Every structure is written in structure tokens, then in C-alpha cells.
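Trainee: I would like to learn how to read a protein model step by step. Could we take the features in turn, with the general idea before the case?

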Amino acid sequence: MSPLSQSLVFAVAAAFANIIGGIIVTSVKWAGSSLRYFIALGAGFMLGTVFLEMFPQSIALTKSAPMLVLLGYFIVHIFEHTFASHLHFGEETHHDEVINPVVGISALVGMLVHTFFDGVAIGAGFIISPSVGLLIFLAVFLHKIPDGFTISSIVITSGHSTNSALAAAVSLGASTLLGVLAVHLLGGSVTYALPISTGSTLYVAATDLMPEVNREKGVKMAFVVFAGMGLFLMAKTLADF
């Protein structure tokens, strides 16, 4: 099999894991107050990914990484305050258990960029060698179900339907496949695109999700955020084993 064929086969498996994460959420009727804990878990997981994986990898790729991370942060900021507002998802709801619907949209944008680079990583690995590609696939696969789980939880909690939540998880898988195709067609673009996606993911975790977490009083939510970080560390440890 060619490197492209190998990349696509394993990317499909990774994409299916995103869908499994969405199915876990949409097949069970969760109370909105309970889903807020999943928001906290997802925020911790995403922050761990940004600071312990994506940012160090970005620094290794280019000295311009800090500027590109900042650019990625402001890309999502601009989207949320211009394009998203035109979709009329920004009105305040009056149900304490439902967060601002624009959060679901901006979170999906940030995670689409992140999962796109999951595909970029898988494709680049198989370009180097089948063994490197397999190791990268395993690292990606370990966080794919949590990614699908996270985005589906966010979409439902922000007031959208379970069908929309599942569609969001499917779109993460599709984005991974697009990332594979892009790296095989464009190659060197990953030097700039990875740090940009780091910034967009940071915006979603720190600017969109953490304020929602902080609306809940008490220490429990803080521990759930730390649990999300721990989940990332466990996945990373298993991937590096």
C-alpha cells in the first residue's frame, strides 16, 4: 500500500472513534447540569493538549510559533464576534442549565482545526515510514473518543439537538480525513498550520469553556478540570509507552 492509502485507512479508524464518542453522548439523556461537568472535563483535556503537546510541537517546528499561536487565537475570536453573531446564535438564553449557543459553534470551529491536524500528523507519519505512522495513529486514536464525547457534550449543552451533536462528532472525523489529504498534497504547510490550530484550541478551552465552568460555585468543578488534564496525561503516557 502507498503512504497515502495507509494514511487514509488509519485515519478512517480514527474518525470512527470520534463518532463513537458522539454516540456515547447522544444515546443517553443527560441532564444539562450534569453535562456541565463534561464541559469542565473537556476544557481540562483541551488545555492539557495545548500546553503539553501542541505548543511544544509548534515551537520545535518554527521560531515563529508564538506569533502564529496568537494569530490562531484571534482567528477564532474574530469568527465568534463577527460571523457567528450573524447566525443569531448569540442571544442569551434564560435557562441556567444551557450555556450560550455560540459556544457550541465556536467550540466546533476550534476542534475542527485541531482534528484536521490529527489527520496531518497521521499523514506525515506514514510519509516518513509505516512504523512512525502507526505510532502517531495510536497517539491520535487515544484522544479521538474523548474529542467526539467533548464536542457532542458541548453542542447539546449549548442548546442544540442530539442530531446536531452527532453531526458535530462526524464532522470531526471528516476533518481528520481532510488533514491526511492536505498533508500529502501540500506537505510543508504543517509548519505554520499546527501553531495556528494551537491558538484556536486555546481560545476555545480558555475563553469559551472555562468561563462556563467558573459559573459553577464550589471546588468540584476545579477537580473535574484537573481530571480532564489527567485524562490527557494518561492518554499521552499510553501513547508514548
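Mentor: Let us begin with burial: a residue is called buried when its relative accessible area is under 20%, exposed when it is over 50%, and partly exposed in between, using a 1.4 Å probe and protein chains only. Phenylalanine 126, with a relative accessible area of 3%, is therefore buried. Please keep in mind that this is a predicted model, in which local features need pLDDT of at least 70 and side-chain atom pairs count only at pLDDT 80 or more, while totals for chains, interfaces and linings use all residues. Residues are numbered from 1 along each chain as its sequence is written, and side-chain values use heavy atoms, with hydrogens and water left out.

Trainee: What percentage of the residues in the chain is buried?

Mentor: Of the 241 residues in the chain, 46% are buried.

Trainee: How many helices and strands does the chain have?

Mentor: Both kinds of element are DSSP runs numbered from the N terminus, a helix being H or I over at least four residues and a strand being E over at least two. By that reading the chain has 8 helices and 0 strands.

Trainee: How should I read contacts along the chain?

Mentor: A contact means heavy atoms within 4.5 Å. If we take the contacts between residues at least 6 apart in sequence, 85% of them join residues at least 24 apart.

Trainee: Which aromatic pair is stacked, and which is edge-to-face?

Mentor: Rings of Phe, Tyr and Trp (its six-membered ring) pair if their centres lie within 6.5 Å, and the pair is stacked when the planes are under 30 degrees apart, edge-to-face when they are over 60, and tilted otherwise. A search of the whole structure finds 7 aromatic pairs. Phenylalanine 10 and phenylalanine 126 form a stacked pair, with 5.2 Å from centre to centre and 20 degrees between the planes. Because phenylalanine 10 lies in helix H1 (residues 3–26) and phenylalanine 126 in helix H4 (residues 101–128), this pair ties together parts that are 116 residues apart in sequence. Phenylalanine 10 has 26% relative accessibility, so this residue counts as partly exposed. In an edge-to-face pair, phenylalanine 45 and phenylalanine 232 are 5.9 Å apart from centre to centre, with 85 degrees between the planes. Since phenylalanine 45 belongs to helix H2 (residues 32–61) and phenylalanine 232 to helix H8 (residues 220–240), the parts tied together are 187 residues apart in sequence. Phenylalanine 45 is buried at 3% relative accessibility, and phenylalanine 232 is buried at 7%.

Trainee: Which residues form one aromatic cluster?

Mentor: The cluster is formed by Phe10, Phe126, Phe137 and Phe141.

Trainee: With which residue does lysine 144 form a salt bridge?

Mentor: A salt bridge is a side-chain nitrogen of Lys or Arg within 4 Å of a carboxyl oxygen of Asp or Glu, and the structure holds 1 of them. Lysine 144 forms it with aspartate 118, the closest N and O atoms being 3.2 Å apart. The pair links distant parts of the chain, since lysine 144 is in helix H5 (residues 130–157) and aspartate 118 is in helix H4, 26 residues apart. Both lysine 144 and aspartate 118 are buried.

Trainee: Where in H5 does a kink lie?

Mentor: The bend at a residue is the angle between axes fitted to the seven residues ending there and the seven starting there. In H5 a kink of about 30 degrees lies at lysine 144, shortly before proline 146.
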